[in-house]
Every structure is written in C-alpha cells, then in structure tokens.
Amino acid sequence: MKIEVKNLKKKFSEEFVLKDISLTIEKNKSTIILGQSGCGKSVLIKTIYKLFNFDSGSILYDGKSEVDIDKFSMLFQYGALFDSLKISENIAFTDFINNKTNFEKKVISLMNDVGLDKSIFNKFPSEISGGMKKRVALARALYKNPKVIFLDEPTTGLDPINSDKINELILKVITNRKITAVTITHDIKSAIKTGDHYYFIYKGIIQDMGDCKKILKTKNKVFKSFIKGADIKQ
C-alpha cells in the first residue's frame, strides 16, 4: 500500500504538534521516521493509522481517503503483551478474543518465522526474555497478514546484540512478506540497516529526508546534531 500525506496539521488544544507534514510512504518499502521525543513522530503514525483525527491536509491510501484499518498492524514500543495470556494467545489475540481455537498451526508457523521455539507456546510473557517478547510482539503484529506494519521504537530496551537480531528479523520479514513498513526510532544504526527512505521531524515539520544509506552524509545541521546525540539548540 502506498500512503501519501499532504500538508497535514494536527493540534491538541491550541498547540500544533504536526505543523505542515508532507511525505510519501512507498508500497512494499521501509520508511523511517526519525526525531527527538515529543517531535510528533508517534502522533504522525497514529494519525495515519486513523487513531487520531487531523485538523487539515490529507492522507491518501493507494489514492483513496478511506482505508480498512484491518490492513494495518502495529508493533508497540514495549511490546504491550498481555501478562495473563500465554504466548500463543498473545500472538493469536484477534482470534483468541473471538473464542476461536484453531490457531495453533498458524501461531507455530509465525513463531518459526520470527525465530521462536515452539517450546514457549504455552509460557507466559514473564517467563521469557526481553528479546523474545519483541519477537512475540512482532509475530502478533503479523498474525492478520497486514499490508502495512507500524513499528514504534522496535529496538528500545534491547542490548546491541539483540537490537541487531531484531533489525535483521524486521528486514527479513518485511522483504519476504512484501509489507509496507513505517518505523519510528531514535536508533540511527537501525534506520540505516532496515530503512529505504527516511524523514527527520523537528518541531512538527520535516527538516530532512533522503536515502537511509546516506543518512550519515546529511548536510542538515539540526539532523547532524541529532545523529551525534547532541542537544539540539532551541
């Protein structure tokens, strides 16, 4: 699915969080949204996901203003697994809550896709590692075969080794399944590895954009400061 955002504005109370956003999310490509906390990244993807309304501008999904949000899925920043449900029930949540019981084969297949052993099928989230939880959350996001997957800080809370494993997994999954991916992150290494195109948001507007493989060659001073981890001067 191709998504086109044009002159998008979104405010809470009287303050604009998104001031004039225009970008294109190409079909079957990986788009990375970069920026400091509070810059509007999460608001943007939640607006695209139709979780928020917007004040002006437009969002087109394959050229149309309406979209079936069941074609979307999201990997939340901290996984958002249900502690009281087994791993299998978390992955198959959309069927589980509808009292469907024939999801075992599909769950095991997805577990295999994301590198999880079926031995944890009946375990609870508290019984597995943080890296495994990320994989479970990814399997759940893939369960309904989405056309578009949104990934909110997928490497947050992971050590460098597990972050790299998750990046490899995300790259493999979106390539093999031909999914349109939108990732918001602070992780420059992750952006370069998993992304095709990036947008850098600062103070509610897009400050820079380009090929993810050329991020480190940016000439934008604000983005350079962000990459270096320096404080961006107001």
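Q: Where is lysine 178 found?
A: Lysine 178 is found in the loop between helix H6 (160-176) and strand E7 (180-185), where helices (H or I, at least four residues) and strands (E, at least two) are DSSP runs numbered from the N terminus. This is a predicted model, in which local features need pLDDT of at least 70 and side-chain atom pairs count only at pLDDT 80 or more, while totals for chains, interfaces and linings use all residues. Residues are numbered from 1 along each chain as its sequence is written, and side-chain values use heavy atoms, with hydrogens and water left out.

Q: And is lysine 178 buried or exposed?
A: Lysine 178 counts as exposed because its relative accessibility is 61%; buried means under 20% relative accessible area, exposed over 50%, and partly exposed in between (1.4 Å probe, protein chains only).

Q: What about the phi of lysine 178?
A: The phi of lysine 178 is positive, about 55°, although this residue is not a glycine. Most residues other than glycine have a negative phi.

Q: Which loop holds lysine 203, and what is its phi?
A: Lysine 203 lies in the loop between strand E8 (197-202) and strand E9 (205-211), and its phi is near 55°, again a positive value in a residue other than glycine. With 41% relative accessibility, lysine 203 counts as partly exposed.

Q: Switching to serine 88, why does it count as buried?
A: Serine 88, which is found in helix H2 (residues 87-91), counts as buried because its relative accessibility is 3%. Leaving aside neighbours within four places in sequence, serine 88 is in contact (heavy atoms within 4.5 Å) with Phe103, Val107, Phe121 and Asn122.

Q: Zooming out, how many helices and strands does the protein have?
A: The protein has eight helices and nine strands, and 46% of its 234 residues count as buried.

Q: And what is the radius of gyration?
A: The protein has 18 Å, which agrees with the value near 17 Å that a compact globule of 234 residues would have; the radius is taken over C-alpha atoms, and the globule rule is 2.2 Å times the number of residues to the power 0.38.
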